[in-house]
Amino acid sequence: MSRILIALLGICAAFPALAQSPDTARTAAPLDTVIITATRTERSTFNTPQPVTVLDARLFHERLPNGLADLFRDFAGLDASGVGPNQRRPEIRGMRGQRILLLQDGLRLNNSRRQQDFGELPALAGIAGTDRVEIVRGPSSVLYGSDAIGGVINIISQDVPTDRNVISGDLMYRYGSAGTVSAPSGSVSARLGRFAVRAGAAYRNSEPYRAPAGTFGSITLAESELVHDSGIRDRSHDLFSSFEVDSSSSLYARAAWYSADDAGFGFIDPARLGQGQPRIQILYPDQSFARYSIGYRSTAVPTFFAHRVDISGYTQRNERHLNNVILIPAGPGATIDTRTWNFTDVSTVGARLELARPIGQAATLTYGADAFRDRSDNTDSSRTVVTGFGPPITRVSNAPQVPNATFRSAGIFGQLEARPVDRLVAIFGARYQTISAETRATTGLERATQKGEDRTLVWSTNGLFRATRNTNVVISFGRGFRTANLVERFFEGLAPEGNGFQHANPELKAETSFNSDLGMRYRAGPFSAEGFVFRNDISNAIRARATGDSVNRRPAFQNRNIGRLRMQGVELSAAARTTTGFDATASFTRLAATNISDPDSPVGDSYSSKVIGDIGYRAPGGRFTAAYTVRYQGEQNEVLVGANPIGPVIPAFVVHSARASVVLLRTGDVVNELAFRIDNIGNRLYAEFPNASFFRPEPGRNVSLAFLVHF
């Protein structure tokens, strides 16, 4: 691995000698991207006092991902769990699920009825209507509240044209050989006087894909195998409109709809994995999501309280069916066959008020309040058949595993940004949050009302010092938090993976974290580089712990607050571009996770190390592009021995991909483009670490083609 890292970083280090002058190339530097998520004020990534990553529309068009989370694996500090075009979920610095806050245009997508490790689907927002994705690597609880303990992902929607009386849009058709993906999409936007409107739609149909033959750890597949439930049929639509009240103020409204059929977590025939392996099927037969939001923005409010105001409100509804089919061998001739059917309906209302005003000549105060309420209704049925221990035993239940419940959250926050000296930017922030969860009357359950409450104060301090004209030093300290959701508090039943029975624990306390980051960014013309070291200690971490008893021959567990988990690591990246159109990027990440309270209990949820190298060419005017990417992932030994069929260590692997695009025709403002990508060029068998607990391999060699029309 060290040789790969040295070679890749050496390529980037050699590029500045061939590069154009700083004045002609500075606008092309990756660190010049303007973002708003980290501090709620517009600034370039180079001048942001936190670790950030930006995925822009160019990446979506050139890399042809099935979903936003597919891109995460190619960047330092980021990863993705899940398989298939729909079920991938993002990870930041080894944390996933409810420890990451997913936003769309600054408003929450997380809901309190998701499993802790699963989190919400980025697919709800889709790619077709997305302009960029801003990722804050590290806690952002001061600005955004609960769940931002590991980081924030803000999906920014495409904007409307700034020029009046202009119509623009794009059309795309994408094909992928893995699962025979067929995905048409399109959007159109226009500005007519003060009124602007945008509409978009996308459809996707994919069959289950096949994993290649090969060996990975203790698993050998003699021939390619179907990964069941790895396909999807989904549809998304969105509509946006805005009205310019004056040159500095606007009203806006947005509506979005998403629906999906037959989306699963994927599995292969357990007989291919060896003796005694369970069959675990987790399938969403259908899911629908609708979201409506309205807002008002002004950057020139003539009041004492604020010079900038942003008010937004939203309502959303998420309905889904979930089927679990789990068949576990329990000895010679004995099996435990459990099938559960769940329907969940979560409705949400929320609002956010954000104000900002300058204080003197060198400081800005940003403050506000936000609140939301999730109302969850659930119905469940299950059937368990135990054979091999005398006459078959059948148990049937219609008791919901999670009672009907309500989850409420409200918080106030303030952030002061100051420039005490010319070279230093310092940001101080704090938030006070109150959250409550309470069960309601539920058909099929006779439990007494259960309640849980949290009141939390968190803070952050971020600083950026300009050491030289081309170098910024970044230091960040902060406390984050995450409140236990409805599933963690109130779930009573068979765990989704079938590995145990989970008891409710409404008394769970909030997780809190203390995070520290120290980093440096360098930028000189077309060359840029950054490096960060970080440590995030999570106190009162919520983890499933064995209770010592069993239910229906399965070990019983309960979510409990344990002592402390520690996530720490190093993130390095560099990029360069030459006058001839060649560019190169390289990155290295090292992650380590430790259970401070129980060092013998593994907590790794991601890779241990990762090296990525990418070299590409862009012809003048962008008429032709080509690139090649290599990703090395080191072995991971933070594994529960016996809990997966791969063995005590998840092996290291290297995957290769290539991509290219060509402009076929340009007529006025209409551009016709063809894009191509090939993944897993070596057609090797492997599984990402988050998918190893029950083996879910990645697709074999996969070719994607897309035809795009921009106008």
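**Entry 1: charged pairs**

I began with Glu511 and Arg482, whose side chains meet in a salt bridge with N to O at 3.0 Å, the term standing for a side-chain nitrogen of Lys or Arg within 4 Å of a carboxyl oxygen of Asp or Glu. I noted that the pair links distant parts of the chain, since Glu511 belongs to strand β30 (residues 511–524) and Arg482 to strand β27 (residues 471–482), 29 residues apart. Both Glu511 and Arg482 are buried, where buried means under 20% relative accessible area, exposed means over 50%, and partly exposed lies in between, with a 1.4 Å probe and protein chains only. I also found a network in which salt bridges that share partners join Asp70, Arg73, Asp79, Arg88, Arg631, Glu688 and Glu698.

Before going further I wrote down the basis: this is a predicted model, in which local features need pLDDT of at least 70 and side-chain atom pairs count only at pLDDT 80 or more, while totals for chains, interfaces and linings use all residues. Residues are numbered from 1 along each chain as its sequence is written, and side-chain values use heavy atoms, with hydrogens and water left out.

How many salt bridges does the structure hold? I have 51 of them on record, and I looked at two further pairs. Arg43 forms one with Glu417, the closest N and O atoms being 2.6 Å apart; this pair links distant parts of the chain, with Arg43 in strand β2 (residues 43–44) and Glu417 in strand β24, 374 residues apart. Here, strands are DSSP runs of E with at least two residues, and helices are runs of H or I with at least four, numbered from the N terminus. Arg43 counts as buried at 12% relative accessibility, and Glu417 is buried at 16%.

Arg272 forms a salt bridge with Glu225, with the closest N and O atoms 2.7 Å apart. This pair also links distant parts of the chain, from Arg272 in the loop between β18 (249–264) and β19 to Glu225 in strand β16 (residues 225–226), 47 residues apart. Arg272 is partly exposed, with a relative accessible area of 39%, whereas Glu225 counts as buried at 8%.

**Entry 2: a buried glutamine**

I then turned to Gln281, which lies in strand β19 (residues 279–298) and is buried, with a relative accessible area of 15%. Its side chain is joined to that of Asp229 by a polar contact of 2.8 Å, meaning a pair of N or O atoms within 3.5 Å where, within protein, one must be able to donate a hydrogen and the other to accept it, and residues adjacent in sequence count only if both atoms are side-chain atoms. Leaving out residues up to four places away in sequence, Gln281 touches Asp229, Phe267, Asn323, Asn324 and Val325, with contact taken as heavy atoms within 4.5 Å.

**Entry 3: rings**

I have 12 aromatic pairs on record, counted for rings of Phe, Tyr and Trp (its six-membered ring) whose centres lie within 6.5 Å, with planes under 30 degrees apart called stacked, over 60 edge-to-face and the rest tilted. The rings of Phe582 and Tyr617 have centres 4.9 Å apart and planes at 50 degrees, so the pair is tilted. Phe582 lies in strand β35 (residues 582–595) and Tyr617 in strand β36 (residues 609–618), so the pair ties together parts 35 residues apart in sequence. Phe582 is partly exposed at 39% relative accessible area, and Tyr617 counts as partly exposed at 25%. I also listed one aromatic cluster, formed by Phe216, Phe653, Tyr686 and Phe695.

**Entry 4: strands**

Last, I followed β24 (residues 405–421) and β25 (residues 424–439), which pair in the antiparallel sense over 15 bridges, pairing being taken as at least two bridges found by DSSP between two strands. β24 and β25 form a hairpin with 2 residues between them, and Ala418 has Ala426 of β25 as its bridge partner. β25 is also joined by 15 bridges to strand β26 (residues 451–468), and the two run antiparallel.
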